[in-house]
Every structure is written in C-alpha cells, then in structure tokens.
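This report goes through one structure for a reader who has not seen it before. The sequence and the coordinates come next, and the description follows them.

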Amino acid sequence: MTVFLKGTGDAPAKTYHLALLDLDGVVYRGADPVEHAAEGIDRAQTLGMRMAYTTNNASRFPHVVADQLRGFGLTLDDGQVITSAVVAARMLRRHLQEGARVLVIGSDHLRDQIRLNGMVPVNKAADKPEAVIQAWYPELSWQDLAQAAFAIENGARYFTTNKDQTLPREGGMAPGNGAMLQPVILATGKQPEDSAGKPESAMYDEARQLLTDSQEKSLDIGRCLPVGDRLDTDIEAANRGGYDSMLVLTGVARTPAILTAPAKLRPTYLAEDLRGLTAPQPQPSKEADQTWHCGGQTAKVDDDGHVTLHALDGGGDPLSDLDAVRACACALWEYQDRGGDMDALDLPAFVVGA
C-alpha cells in the first residue's frame with residue numbers, strides 16, 4: 001500500500017499533543033539557532049503542544065543542551081531533553097547484567113548514564129569489558145578507536161548510540177558517529193549488534209515514556225509527532241514505531257531524496273521549518289488520470305517516467321514551491337510503488353523556497 005503525504009484541517013500543534021523534535025538541523029546547527037525554530041516552537045506551545053527534544057548526539061548533558069535552547073529564548077525543563085546516551089544506557093542494561101563492565105567511547109554524560117543503569121564504565125581494553133559502546137564526541141581520538149577494536153577482538157560485544165553519517169555544524173556537514181564507526185568495523189570485521197539512536201524507534205518510545213512518567217499522563221503514539229530533517233534517521237524511526245512524522249527542510253534532506261524516497265523513509269508532512277507546526281498542512285489529492293494537486297500546483301508522472309509540473313496560480317505565495325514538492329512527491333511515490341523505473345526519471349528542476 002502506497003504511503004502518501006497527509007493534510008490537516010488545523011495546525012498540527014492542535015492535532016498532536018507532543019512534538020518529538022530532533023535538534024541538529026532542526027532547532028540548531030552547532031551553536032547557532034536554525035531560522036524560525038524558536039518562533040515555531042513558541043507558537044506551537046501557545047497552542048497547547050508540548051515539546052520533547054530528542055537527539056542522537058550523546059556528547060552533552062541534557063542540562064547543557066537545555067541551557068543552549070534557553071539561550072535561544074525557549075522555555076523548557078532539563079528533563080525535556082532526551083539524548084541517545086540516555087536511551088543507549090537503557091538499551092545496554094537490557095543486554096547486560098548488573099555490574100557489567102562497559103568500555104565507553106564517549107562523553108562523561110554517557111558514562112554517567114551507564115552508572116545510573118547499574119553498569120561500570122571502563123577506559124581501556126585491558127580492563128576486560130563485556131561490551132563496548134561507541135558514541136561521537138568532540139575529543140574522539142585514534143586511541144579511542146584502537147581501544148574499542150582491541151576489546152572487540154578480545155570478545156567484547158559491540159554497541160553504538162547512533163549511526164548518523166553526518167552531523168550539521170556551524171561550518172557545514174561534519175562526519176557523524178556512523179562515519180566514526182567505520183574504522184572499528186573495518187579493523188574488527190564486526191558490526192554493532194544494536195543501536196540506541198534513530199532510525200530505531202527507541203528514542204521516541206523512551207521520550208514518550210519518560211515524559212509520561214514525569215507528567216503522570218499517558219501519551220498515545222497517535223498524539224505524538226516526531227519532527228526531523230533526515231529521512232534515514234528521524235523519519236525512518238517514526239515509521240518503524242508507527243508514528244506520524246514531519247520533515248523540515250532546514251537540515252540534511254533535499255528535494256531529490258524526498259521525491260524518490262522508498263516507503264520506509266516517507267514523512268507524513270513536509271514543512272519549510274518549525275513554523276509548520278502552527279499552520280494547517282495542505283492535503284494532496286489525485287485525479288483519475290494520475291495528476292496530483294496540492295495548493296496551486298499539479299504534478300503527473302506518465303507510465304514512461306515523464307514528469308510534468310504545472311502551476312495553476314503561484315500568486316507569489318512563498319510556499320508555492322513546497323506545494324509543488326508535495327504534489328510531485330505523491331505522484332512519484334505512486335509511480336515507484338506501481339513498479340516504475342526510478343533510475344530513468346528526469347526529476348523536475350526546481351528548488352524549494354526559491
């Protein structure tokens with residue numbers, strides 16, 4: 001069954017109770033805020049939506065992340081920040097016995113979470129750890145990677161906090177934890193047997209549970225909306241967990257990847273940025289001849305893979321091009337799912353927001 005974009009009659013902030021926001025590329029890029037992020041969050045909270053800040057980055061304590069967000073003018077508690085270190089330590093405790101020694105390639109935050117979950121962090125392979133947990137952190141060194149490899153070669157189990165290949169920073173895209181896993185994988189021939197971060201849905205599930213515990217109120221999956229900038233982590237995690245999702249175009253995802261996304265990577269909604277939480281999402285619709293409409297835009301993909309776009313009335317609307325993406329995405333997803341040759345497509349040459 002083909003997965004298409006959906007629409008909302010009201011703002012998502014009124015439809016969903018909790019937003020599960022990714023951070024890198026959605027709320028900030030390194031030390032810098034993403035444009036309109038704080039504005040969108042403030043408006044959504046005014047409409048009654050609660051915020052959880054979920055990040056695959058395991059390098060910083062939640063209170064440090066929360067302080068940065070408060071520096072952008074946002075109001076939040078430290079407990080609203082859920083890092084992959086929090087999720088990873090819980091994951092490890094399910095795999096290991098209490099008191100197990102874990103070689104931690106990561107920050108003090110990850111070490112503290114290991115301790116809080118009844119395990120013992122160690123620093124080197126000579127400590128004979130039962131497992132290795134690898135995370136990105138700014139001080140990651142060759143020595144760290146070597147110790148991880150030595151421990152795994154000696155029988156330690158291998159885990160990771162996340163597999164993000166890239167990390168949005170102030171200067172652009174930097175290597176993420178997924179890239180840093182590769183030297184250890186190549187040296188040992190072993191893949192991590194489990195990952196705490198997205199695209200696993202555990203990040204969202206743990207965030208829901210933690211906020212349920214603190215608020216003593218059940219949060220149904222259907223009332224929670226993961227929001228991210230990456231198809232292969234944020235959106236896939238939402239789909240794996242049975243959540244609706246919103247993709248914002250302020251980080252990694254680019255139009256060609258959206259238009260050709262397989263079903264497991266398709267978001268429920270598209271938005272330019274977090275202001276999309278407070279604006280009704282237009283509903284794409286289809287005519288009998290496979291022409292898709294959204295706003296003033298139409299798109300059609302013939303059986304031979306020819307893509308036709310037509311603007312009925314752009315009218316200077318800054319979101320008109322995003323409506324073109326929405327219409328074109330639905331047309332191309334339908335074409336893909338009925339067996340069309342995606343490699344033969346000539347994708348339309350437009351840029352979102354241009």
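A residue is called buried when its relative accessible area is under 20%, exposed when that area is over 50%, and partly exposed in between, with a 1.4 Å probe and protein chains only. By this rule Tyr204 is buried, with a relative accessible area of 0%.

The model is predicted: local features need pLDDT of at least 70, side-chain atom pairs count only at pLDDT 80 or more, and totals for chains, interfaces and linings use all residues. Residues are numbered from 1 along each chain as its sequence is written, and side-chain values use heavy atoms, with hydrogens and water left out.

**Confidence**

pLDDT is the predictor's confidence in each residue, from 0 to 100. The protein chain has a mean pLDDT of 90, and 93% of its residues reach 70 or more. Over residues 314–319 the value stays under 50, and the model has four contacts beyond four places in sequence for this stretch. A contact means heavy atoms within 4.5 Å. Where pLDDT is low, the predicted coordinates should not be read in detail.

**Aromatic pairs**

Rings of Phe, Tyr and Trp (its six-membered ring) pair if their centres lie within 6.5 Å; planes under 30 degrees apart count as stacked, over 60 as edge-to-face and the rest as tilted. Searching the whole structure gives three such pairs. Two of them are listed here.

| Pair | Centre to centre | Angle between planes | Type |
|---|---|---|---|
| Tyr16 and Tyr269 | 6.2 Å | 75° | edge-to-face |
| Tyr204 and Tyr243 | 5.6 Å | 65° | edge-to-face |

Helices (H or I, at least four residues) and strands (E, at least two) are DSSP runs, numbered from the N terminus. Tyr16 lies in the loop between α1 (12–15) and β1 (18–22), and Tyr269 lies in strand β15 (residues 269–271), so their pair ties together parts that are 253 residues apart in sequence. Both Tyr16 and Tyr269 are buried.

The other pair also links distant parts of the chain: Tyr204 is in helix α8 (residues 202–215) and Tyr243 is in the loop between α9 (231–241) and β14 (246–248), 39 residues apart. Tyr243 counts as buried at 3% relative accessibility.

**Nonpolar cores**

A nonpolar core is a set of buried Ala, Val, Leu, Ile, Met, Phe, Trp, Tyr and Cys residues joined through side-chain atoms within 4.5 Å. The largest one has 33 residues, and Leu20, Leu92, Val102 and Ile133 have the most contacts inside it. Two or more residues of this core come from each of β1, α4 (84–95), β6 (101–105), α5 (108–116), β8 (131–134), α8 and α9. Helix α4 gives the largest share, six residues. Leaving out residues up to four places away in sequence, Leu92 touches Val102, Ile114, Met119, Ile133 and Phe159. Another core, of 31 residues, lies apart from this one and includes Leu21, Met51, Leu74 and Met246.

**An exposed loop residue**

Glu98 lies in the loop between α4 and β6 and counts as exposed at 62% relative accessibility. Beyond four places in sequence, Glu98 touches Arg93 and Gly118.

**The sheet β16 to β19**

Two strands pair if DSSP finds at least two bridges between them. Four strands make an open sheet in the order β16-β17-β18-β19, with antiparallel pairing. β16 (285–286) and β19 (307–311) are at the edges with a single partner strand each, so one side of each is left without a neighbour in the sheet. Strand β18 (residues 297–301) is joined to β19 by five bridges.

**Helix α11 and the cysteines**

Asp323 is in helix α11 (residues 320–337) and is buried, with a relative accessible area of 8%. Its contacts beyond four places in sequence are Pro282, Cys294, Gly295, Gly296 and Gln297.

Cys294 is buried at 1% relative accessibility, and Cys330 is buried at 0%.
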